[in-house]
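Dear colleague,

Here is the structure I promised to pass on, with the sequence alongside. My notes on what was found in it follow below.

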Amino acid sequence: MKKDIFHLKSKQLKEIAQSLQHKVEVGLSKENAEIQCIPTYIIPKTTSVNGKATVLDLGGTNYRVAVVDFVDGKPTIHPENGWKKDLSVMKTPGFTEEDLFKEQADPIGEIKRDQETPIGYCFSYPAESLQNGDAKLLRWTKGVDIKEMVGQPVGQPLVDYLNQRNDVKFNGVKVINDTVASLFAGLTDSSYDAYIGLIVGTGTNMATFINADKIKKLNPDYKLSGLIPVNLESGNFNPPHLTAIDDKVDACSDAKGAQRFEKAVSGMYLGEILKSVFPCDEFEQRFDAQKLTNIMNYPDIHKKRYVEIARSIYERSAKLVAASIAGLVLVLVSHDPSIKKIRLVAEGSLFWSEYRKGKNYKDMVMSELQKLLAEFNHADVHVHVAQMDNANLIGSAIAALS
């Protein structure tokens, strides 16, 4: 391929940022928008967090369980990084809710608990927050399709299942998205004007705090005020300037027309983009971002054309993420011009991946973001990226104890 079809010019990136800004505002105003902007009805404590919570973290393929103990706002995690389990089995056809609960319950039995605790459940799929702290599953992503769970609460049925099988009970559940968990974890440093939670791993998404008076679709009966956590579900953003290759990846996916941004950006799909560029070549069936970065990092043992295209796909992903962050910053600053210092807590293996022959992914994102903010006349707005160990566990525990 002589022309790099994945190259995005500065003007195109600005248009992508502006498109996301517009669509976030639409999502704050009405239901079922492209970028859903789902309010989370859990207002996190920012000081005086104390107590123990059992935390469950269900991601794209992995599951973790831990007990998080907050003393004077400082968390301790037992075991240190949580008890981990591969749960890619949940993607197999015919997998049921009962199967999922059983898989989730097994590691909980390995954790020593001597008192009743609330559960903080980090549930990394699109779900509508309920006023009682639970959440209703809207749809599955990342190759999972347990049909009987769609439209149902995800927290309380699991608690009921666990309480039937454990002597030491659980006394409530708060369900949050992984981006909201990262957002909450960022609050452990209170010196910033605004906060963003970002995931760029198997999937991608963002969350932030939005003032209640800017969320026009909020039910007035809820009488909410102040900053409300909002899960954007930005993976469903359909940005301008995608390519015919992206259309092909989408057409071959399980959910055609949905999650277009995720399909251009996230680890689950970058390998599929490469395969679609070379439809007559043979690749492994499961070809994710890790395999893509291996091609880039070890060019001597791969075909030159694979290396060049892999690099272009990787760089475009980072630039698209930068444009999406820039678009969200435009939203925040338009709501509150005094915002100058933003903490971005970023999670996900792709975001923190390394490119041995050039700029790492995170560095590409942040340098492109800085350029875009300057072009939008916001050079005085500084976004500080943070990598926090166990952000999902800490943020979910804050939710459970708030």
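Strand S5 (residues 117-123) and S8 run parallel and are joined by five bridges, and within that pairing Thr-117 has Phe-170 of S8 as its bridge partner. Please keep in mind throughout that this is a predicted model. The two strands belong to an open sheet of five strands, ordered S4-S3-S2-S5-S8, in which the pairing is mixed. Strand S4 (74-86) and strand S8 (170-176) are its edges, each pairing on one side only, and the twist from one strand to the next averages 20°.

Two helices can be described against this sheet. Helix H3 (residues 156-165) packs on it and touches strand S2 (51-58), S5 and S8, with a direction that makes about 150° with that of S8. Helix H11 (residues 391-401) lies across S2, strand S3 (62-71), S4, S5 and S8, and runs at about 125° to S2.

Within helix H3 you will find Pro-157, which has a relative accessible area of 26% and is therefore partly exposed. Leaving aside neighbours within four places in sequence, Pro-157 is in contact with Glu-97, Phe-101 and Asp-134. By contrast, Leu-58, which is found in strand S2, has a relative accessible area of 0% and is buried. Not counting residues up to four places away in sequence, Leu-58 touches a list of residues that includes Leu-87, Met-90, Leu-100, Tyr-121, Phe-123 and Tyr-125. Leu-58 and Tyr-125 are 67 residues apart in sequence, yet their C-alpha atoms are 8.8 Å apart in space.

There is also an open sheet of six strands, in the order S1-S11-S10-S9-S12-S13, and here too the pairing is mixed. Its edge strands, each pairing on one side only, are strand S1 (38-39) and strand S13 (382-386). Strand S9 (residues 194-200) runs parallel to strand S12 (residues 341-347), and six bridges join the two; in this pairing Ala-194 stands opposite Ile-342 in S12. Helix H4 lies across S9, S10, strand S11 (227-231) and S12, at about 140° to S9, while helix H10 (residues 361-375) lies across S9, S12 and S13, at about 165° to S13.

Turning to the nonpolar interior, nonpolar side chains tend to be buried together in soluble globular proteins. In this model the largest nonpolar core has 75 residues, and those with the most contacts inside it are Leu-198, Ile-325, Val-329, Ile-342, Tyr-361 and Val-365. Helix H9 (residues 304-335) supplies the largest share of this core, 19 residues. A second, separate core consists of 32 residues, among them Leu-87, Val-154, Tyr-161 and Val-173.

The aromatic residues deserve a paragraph of their own, as the structure holds 16 aromatic pairs. How are the rings of Phe-184 and Phe-209 arranged? Their centres are 6.2 Å apart and their planes are at 5°, so this pair is stacked. Because Phe-184 lies in helix H4 (residues 178-186) and Phe-209 in strand S10 (residues 204-211), the pair ties together parts that are 25 residues apart in sequence. Phe-184 is buried, with a relative accessible area of 0%, and Phe-209 also counts as buried, at 11% relative accessibility. Elsewhere, ring pairs link Tyr-314, Phe-351, Trp-352, Tyr-355 and Tyr-361 into a cluster.

Finally, two charged side chains are placed over aromatic rings. Arg-165 lies over the face of Tyr-161, at 3.6 Å from the ring centre, and the charged end of Lys-14 sits over the ring of Phe-376, 5.5 Å from its centre.

With best wishes

Definitions and conventions:
Residues are numbered from 1 along each chain as its sequence is written. This is a predicted model: local features need pLDDT of at least 70, side-chain atom pairs count only at pLDDT 80 or more; totals for chains, interfaces and linings use all residues. Side-chain values use heavy atoms; hydrogens and water are left out. Rings of Phe, Tyr and Trp (its six-membered ring) pair if their centres lie within 6.5 Å; planes under 30 degrees apart count as stacked, over 60 as edge-to-face and the rest as tilted. Helices (H or I, at least four residues) and strands (E, at least two) are DSSP runs, numbered from the N terminus. Buried means under 20% relative accessible area, exposed over 50%, partly exposed in between (1.4 Å probe, protein chains only). A charge sits over a ring if NZ of Lys or CZ of Arg is within 6 Å of the ring centre and within 35 degrees of the ring normal. Two strands pair if DSSP finds at least two bridges between them. Contact means heavy atoms within 4.5 Å. Axes are lines fitted to C-alpha atoms, for helices over the stretch in contact, and angles run from 0 to 180 degrees between N-to-C directions. A nonpolar core is a set of buried Ala, Val, Leu, Ile, Met, Phe, Trp, Tyr and Cys residues joined through side-chain atoms within 4.5 Å.
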